Structures are given as structure tokens and as C-alpha cells.
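The following note sets out some points on the structure shown below. Please read them with the model at hand.

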Amino acid sequence: MQSDTVECKPTMWFTGRAVIMALMFLGFGVYFYYDASTGYPQKNLEFFMHKAFVDAGAVFDREVSGKGASAGDWERIVLARTVDFPEGYEIPSDVNRNAVPWPDILADYSLMSTPGKGWSAAWQSYSGEKHYPVKPVDHPYDASKIFEQWVAGCICLALAMVALFFLVRTRGRKMSLNGKEVTAAGVVFRVDDIARLDLRRWKLKGLAIATLKPECGGARIRLDGLTYGGFRKEDSPHNAEDFMKALLSLYRGEIVDYEEIPDAGGPPARQEDEERAV
């Protein structure tokens with residue numbers, strides 16, 4: 001193929017994956033932030049409220065079943081109790097951890113006296129009213145667990161920003177050949193500036209490395225055919241294969257490639273790192 005200009009734009013293969021990664025990390029980041037700021041404190045509240053009902057059942061058995069306290073006595077016991085929220089366990093900010101009384105339903109003497117149910121029946125009624133799960137988490141989340149969620153959220157959001165950065169940067173670039181001027185990886189150079197062209201990964205991964213001459217800086221430029229142009233025939237004459245064919249038609253320097261070596265006993269074998277001068 002002979003062409004004065006071949007321009008390869010970012011492919012949907014790269015764009016789609018970058019968008020998916022950015023959204024995935026963003027989603028995880030929001031999820032972790034929610035757990036740290038709202039989810040875990042709310043689960044702690046549910047856990048300790050449930051524990052108050054368990055404790056109430058034990059107190060009821062001791063004071064009523066054991067000591068014969070009356071319904072009035074039990075009501076006074078309930079009204080004097082508050083829910084215990086240990087230090088180091090965060091709960092929602094709108095809850096005063098030092099002044100949450102036992103729920104009024106625990107003062108229901110007849111309900112607490114229900115054989116085999118007691119506090120459990122009271123909890124089912126209370127949790128349904130508050131939209132709490134009937135079975136809360138097995139253990140509360142201390143400050144270290146919540147801190148881990150904050151850290152994980154920051155890491156995921158940072159990774160989302162990195163993915164977005166590469167997406168925006170790549171969408172603003174191209175890989176092109178205009179006459180003898182090459183644009184790749186954000187760098188502009190001439191075909192004659194290339195000292196060595198490594199094509200060993202081109203056929204399998206669509207990746208080549210152009211090493212510039214020392215007097216041109218000696219930089220190693222990445223020619224990424226999967227990211228720019230792709231290899232779909234319908235995108236010709238502006239796909240990566242067209243770009244490489246056009247580049248090779250102008251290039252006269254050293255090429256590093258796999259070379260087919262005839263084998264009398266079978267199909268051709270590949271010899272790696274075989275260098276040939278063109």
C-alpha cells in the first residue's frame with residue numbers, strides 16, 4: 001500500500017474498556033464511601049438496638065420470672081434503661097448515643113411474657129416499624145473498619161481518575177503518517193529519525209517500538225495498533241495495518257522481527273530476537 005497520509009484514531013476497543021474501568025472504579029468508590037459515611041454507622045445502630053432487645057429479654061427473665069416483678073415494675077425498669085452504644089463504634093450523627101431509651105414496645109408486659117418469643121416478638125414488631133433487618137449483622141464495625149472503607153473509597157476514586165485521565169489523553173491523540181512525518185504517543189518525528197523498529201509484538205499484540213536515533217533523543221516510541229486504528233478491514237485505509245505498511249514502505253533502517261526459519265522435519269519454526277537489516 002502506498003499513501004501519503006494514514007491517520008489512525010482511538011479505537012472503540014480502547015475507549016470502551018477505559019470507560020468501563022472508570023465507571024467500575026467510580027462505582028466501587030461510591031459504594032465504599034457510602035458504607036463509611038452511612039452504611040456502617042446504620043448497621044451499628046441496628047446491631048446495638050437489637051442487643052438492647054436481647055438484654056431486655058435477660059432482664060425480664062431475671063426481674064419478672066425470677067423475682068416476680070409486676071407489669072408496673074417492669075414498665076418502670078424499661079423507662080429507666082437506655083441503649084448502650086460503646087465508644088469506638090460510630091452510629092448515625094442524628095442519634096444521641098447517650099440518650100436513646102429502650103423502645104416503648106419493651107414495656108409491653110404481655111408481649112414480653114409470650115412463651116418462647118418474648119423479646120424476639122417485640123423486636124420483629126419494632127424492626128418492621130423502623131425498617132430494620134430482622135437479623136442484623138453478626139458484629140458491629142469499629143473505627144478501624146470504617147477507616148478501611150474510607151481508604152478503599154479514596155483508592156477506587158483515584159483509580160477512576162487515572163482511567164479518565166488516560167481516556168481523555170488518548171482520545172486527544174492519534175497515530176498518523178503524513179508524508180514522512182510520524183505522530184505517535186504524543187510525539188512527532190520523521191521516518192528518517194528512526195534508528196530501529198521492533199516488530200516482534202506487532203502480529204500478536206499490535207504493538208511496535210520505534211527507537212529514535214541518538215541525535216534525535218534516542219526515545220522509544222510506542223506504536224499501539226490496538227489503541228489507534230485497530231485491524232478491522234472495514235476501517236481501511238486508516239487502520240493500524242495500513243499505517244505500518246505505509247511506514248515500512250518509507251523506512252530503510254534496522255528492523256527487529258521474528259523470522260521464519262525453514263525446518264526440514266515439520267512446519268516453519270519461529271526464531272526469536274532474530275535481527276535483520278532492511
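Predicted model: local features only at pLDDT ≥ 70, side-chain atom pairs only at ≥ 80, totals over all residues.

1. The chain exposes about 16,100 Å², an area taken by the Shrake-Rupley method with a 1.4 Å probe.

2. Residues are numbered from 1 along each chain as its sequence is written, and side-chain values use heavy atoms, with hydrogens and water left out.

3. The chain holds seven helices and eleven strands; these are DSSP runs, with helices (H or I) of at least four residues and strands (E) of at least two, numbered from the N terminus. The radius of gyration, taken over C-alpha atoms, is 35 Å, well over the 19 Å from the globule rule for 278 residues, so the chain is more spread out than a compact globule. That rule is 2.2 Å times the number of residues to the power 0.38. Along its principal axes, the C-alpha trace spans about 105 × 50 × 35 Å.

4. Of the 278 residues, 36% are buried, meaning under 20% relative accessible area (1.4 Å probe, protein chains only).

5. Helix H5 (residues 143–171) has 29 residues and should span 42 Å at 1.5 Å a residue, which agrees with its end C-alpha atoms being 42 Å apart. The expected span is 1.5 Å times one less than the number of residues. Buried residues in H5 include Ile146, Gln149, Gly153, Cys156 and Leu167. Helix H1 (12–66) is among the elements that cover the buried residues of H5 through contacts (heavy atoms within 4.5 Å).

Conventions
Buried < 20%, exposed > 50% of the residue type's maximum accessible area, 1.4 Å probe, protein only.
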